[in-house]
Amino acid sequence: MSATDGNGRDYLQLFKQSYERARSEGPTGDVSLDALLMSMTPAARDLVLLLSVPHWFNDRLVSLLSRATEPTVDEGEAYEALRGEIHSLSFVRPHGRGFALHDAVRARLRASFIARAPQRLRDISTRLVDYLAARHAEEQREELEWERVYHLVACDEEQGLTEFDGVFMTARQARRTTVCHTLAEMLAEQSELLSERAQPWIDYYRGLVLYDQHQRRTAGSVFEALAAGQVEPPLSGRIYLYQGLSAEAHEDWPRAESIYASAIDQLNATDDKAVLARLHQRLAEVHIRENHLKKAEAAAKRSLELNEQTGDQFGLALNRRALGRIRTMLYDPNAARRELGASMVAMDAAGRRFAKATIHTDLAKLEQSVQRLEQAEEHFNAAIDLKVEGGDNFGLAILYADLGQLKLIQRRFDEAQRAFDRSLSLFRRFGDRLNEARTMHNKSLVHEQSREVEEAIACEEKAIAMLADEGRSADSFQKRLDRLRRKQRWRPRPLRIALLAGLILGLLVLYVILYAIVSDPY
Amino acid sequence: MHGPSPAILRYFVDRSREIQRFEDMLDGDDVRFLVLKGDGGTGKSLLTSKMIDACIQRGTAWAQIEWSDSQPYTYLDVMREIRDGTDETYFDLFTDRVKYFTERAYELKIQVESGDIENVRVLDGGKIEHSNVTVHVGHTVEIKDSYLNSLRPDRDIEENEVVLELTRAFMPCLRALASRTPIVIFLDALEKADETTLDWLKRNLATALRDNRIPGLRAVFSGRESLDLGSSFFDCSLEIALKPFGVEDILDYLKVRTESENHELATFIFSQTDGHPLDTAKSVDHWIRMLRQQ
């Protein structure tokens, strides 16, 4: 192509002038993009703008949106030319579902669209919602549903946020953290279209993602910032809950207690029984940690009342469990058994079969504490069976370690070692060096009880080495190792035993002789 | 898997330095992965397409995973894409375990009775060897992924255990395939990946490359930020920061797209775009459009 035509016009000059116009009149602020847009036909320019609303598009969407262009171009040669113009753009790239604008270009166009014609964007979103609903009904692909909800948030905030919450929580309950991350970012894209009231929801979901990714400190900061702002129920309740959970994750019990107590005060007047029940239950758990058992009991009972009103069986199960643990700590085993038994029933009613393993473990520890060791073993075995059925190998590792402790108390040393060995192999599989170290320490205890001092020393040394690898302090283990080594030095050798036996025998003989001499009158 | 669109490649600006580094990586053993770093619109995806084209020309197996704003790829998706993009017959062990963790009531078809699954050897035709015992899956057993994404509801397995077990089943399969044919994995737009997936990529894929545990495997990580892997990865990787175009690059690009040389135009475009590749492409779109209209 030539820079001048037969009439001598300097296309380069025209090109430069178009940039000057773009700089002063361009819609997006991106000079190259604006100059290009201003060179396009009005219908094409408008269609490019509309195509920035969805994350991707295909021919059906192009056809749909071309009917909304100004002027409308939806059939015939003009439509084919329009479609061709779109596909020739260098920033239109392939996408799994057809095509997409380069995300930098899309961001610019969307920002311009929102600034200049937000209502029109909402109208386009409405069309997209209907289109995607129909596609989802055909294909049942979840990403179509996510895209639909994304557009629904733009055109109907209340309904959109409600449905978004449903989609997000479904993914969260399925532990799909990556999906939650994407959904949270999609919601954040709509922030300029959302009201002030809706803005905190964006950070709330981001905070949940951080929390689920175990970035608890950062999550805590997000929830702190949200809690400090003007947030209304029901969101405020959820924020306080996760603010408290983030504090708990760092074992900051006083802070967690303060958060839950304050949240309960603020929300008591609301009707959100479900959130209040959870707050009371968390408060109970924190009080248990702090050994404030009376307060824990009061909080658990209040949560129970609320869960009875809402019919939340899982909540009731947790309440009963907390009460059972409190009664255990108050040395009231009969009441503890009743509560834990009730928790078991509620878990069944809630359909949480595998969670019953936790209750069995609590019961096992209760029975162990009152020296009903056979009953304790039964409960540990029941918990183990559930873990095996559930495939929870990490939970199984912990249970085998607990069972090993029980066997040690029962002085069934071989069985204790077997349990600890099973635990050890599972922790090793997970690369959990800390728990490996603890289990190795427990093995050392068994060896010591079995009078196998060398083996006890070897296990304790391994435990200390594992802790050192993890950069953890091993002071208590070291003290024990030093004691074992002293024990080893002072342990009687065969010669010493023989000499000692000889000495004792000699003394006995001497005693008998002396006695005979003293008692004989002659 | 389809290769990059010819239309995209036709307008590729010469990035011969970067392509040469890629070719050197494929031919050598020291550098085992590249990190392409650059802001949005600097041509990372286009360069990746060119590298994929090079793989196709060489007959090298490849797989590409490109994150986007609305597409959440997890570690499982990454493993599935690698399997589906290369040769799925090598991945029965992995697929069997994927089904085990995602499908209700599914029982494993390939049992590794003793020892570590990581020590399994995957052989041709779906055979698996472990501790010198060959477990033959058999032609009557078909293991097809149902592409479910949630953990099966009839078990209670922790996510971290699932990650561990699937990765341990995946790696021997990948190792077996890579021992027969070189493989390149392209991971694009990593700035859109979430922390959990990035963590998996660093802990598993990047460290496997660093330690050369899968000879024959290479990778290209692309994104707007550095991967922040640590000094132990310096020797086995190369970071390439994509630079803006110079006037000569823009001139080359104009030649490819317009079949003409116009130094003054290239200089003007450079002055308006600072050599930013995406802006340059838009400018040239504009130029072409303007000429057609005139």
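**Figure 1. His287(A) in helix H15 of chain A.** In this predicted model, His287(A) is buried, with a relative accessibility of 4%. Its helix, H15, covers residues 273-289 of chain A. Leaving aside residues up to four places away in sequence, His287(A) touches Glu257(A), His292(A), Lys295(A) and Ala296(A).

**Figure 2. Helix H22 of chain A and its packing partners.** H22(A) runs over residues 413-430 and has 18 residues. From first C-alpha to last it reaches 26 Å, close to the 26 Å expected at 1.5 Å a residue. Its buried residues include the phenylalanines Phe413(A), Phe420(A), Phe427(A) and Phe430(A). Among the others are Ala416(A), Gln417(A), Ala419(A) and Ser423(A), as well as Leu424(A) and Leu426(A). Within chain A, the buried residues of H22(A) pack against helix H21 (393-409) and helix H23 (433-449). From chain B, helix H6 (159-180) also packs against them. Gly431(A) follows the helix, with a positive phi near 70°.

**Figure 3. The interface of chain B and chain A.** The two chains bury about 4,900 Å² between them, 54% of it on carbon and sulfur atoms. Lys282(B), His286(B) and Arg289(B) supply 14% of the area that chain B buries against chain A, more than any other three residues. The contact takes 56 residues from chain B and 60 residues from chain A. Seven salt bridges are found across the interface. In one salt bridge, Arg289(B) pairs with Glu85(A), with the closest N and O atoms 2.7 Å apart.

**Figure 4. The side of chain B that touches chain A.** Helices H6, H7 (195-210), H8 (247-258), H9 (263-273) and H10 (277-293) of chain B each supply at least two residues to this side. H10(B) gives the most, with 13 residues. By residue type, the side divides into 16 nonpolar, 20 polar and 20 charged.

**Figure 5. Arg83(B) and Asp145(B) in a salt bridge.** Their side chains meet at 2.9 Å, N to O. Arg83(B) sits in helix H4 (residues 75-85) of chain B. Asp145(B) sits in the loop between strand S5 (133-136) and H6 of chain B. The pair links distant parts of the chain, 62 residues apart. Both partners fall under the 20% cut-off for buried: Arg83(B) has 2% relative accessibility, and Asp145(B) has 13%.

**Figure 6. Glu88(B) and Lys144(B) in a salt bridge.** The closest N and O atoms are 3.2 Å apart. Glu88(B) lies in the loop between H4 and helix H5 (92-102) of chain B, and Lys144(B) in the loop between S5 and H6, so the pair ties together parts 56 residues apart in sequence. Glu88(B) is partly exposed, at 40% relative accessible area. Lys144(B) is partly exposed too, at 44%.

**Figure 7. Asp96(B) and Arg97(B) in a salt bridge.** The side chains meet at 3.7 Å, N to O. Asp96(B) is buried, with a relative accessible area of 0%. Arg97(B) is buried as well, at 8%. In chain A, salt bridges that share partners join Arg97(A), Arg135(A), Glu139(A), Arg141(A) and Glu143(A) into one network.

**Figure 8. Thr126(A) in helix H7 of chain A.** H7(A) covers residues 118-139. Thr126(A) is partly exposed, with a relative accessible area of 35%. Thr126(A) and His447(A) lie 72 Å apart, C-alpha to C-alpha, and 321 residues apart in sequence.

Methods: Residues are numbered from 1 along each chain as its sequence is written. Chains are lettered from A and ligands numbered from 1 in the order in which they are written. This is a predicted model: local features need pLDDT of at least 70, side-chain atom pairs count only at pLDDT 80 or more; totals for chains, interfaces and linings use all residues. Side-chain values use heavy atoms; hydrogens and water are left out. Helices (H or I, at least four residues) and strands (E, at least two) are DSSP runs, numbered from the N terminus. Buried means under 20% relative accessible area, exposed over 50%, partly exposed in between (1.4 Å probe, protein chains only). Contact means heavy atoms within 4.5 Å. The expected span of a helix is 1.5 Å times one less than its number of residues. Buried area is the accessible area (1.4 Å probe) that two parts lose on being put together, summed over both. A salt bridge is a side-chain nitrogen of Lys or Arg within 4 Å of a carboxyl oxygen of Asp or Glu. Ala, Val, Leu, Ile, Met, Phe, Trp, Tyr, Cys and Pro count as nonpolar, Asp, Glu, Lys and Arg as charged, and the others, Gly among them, as polar.
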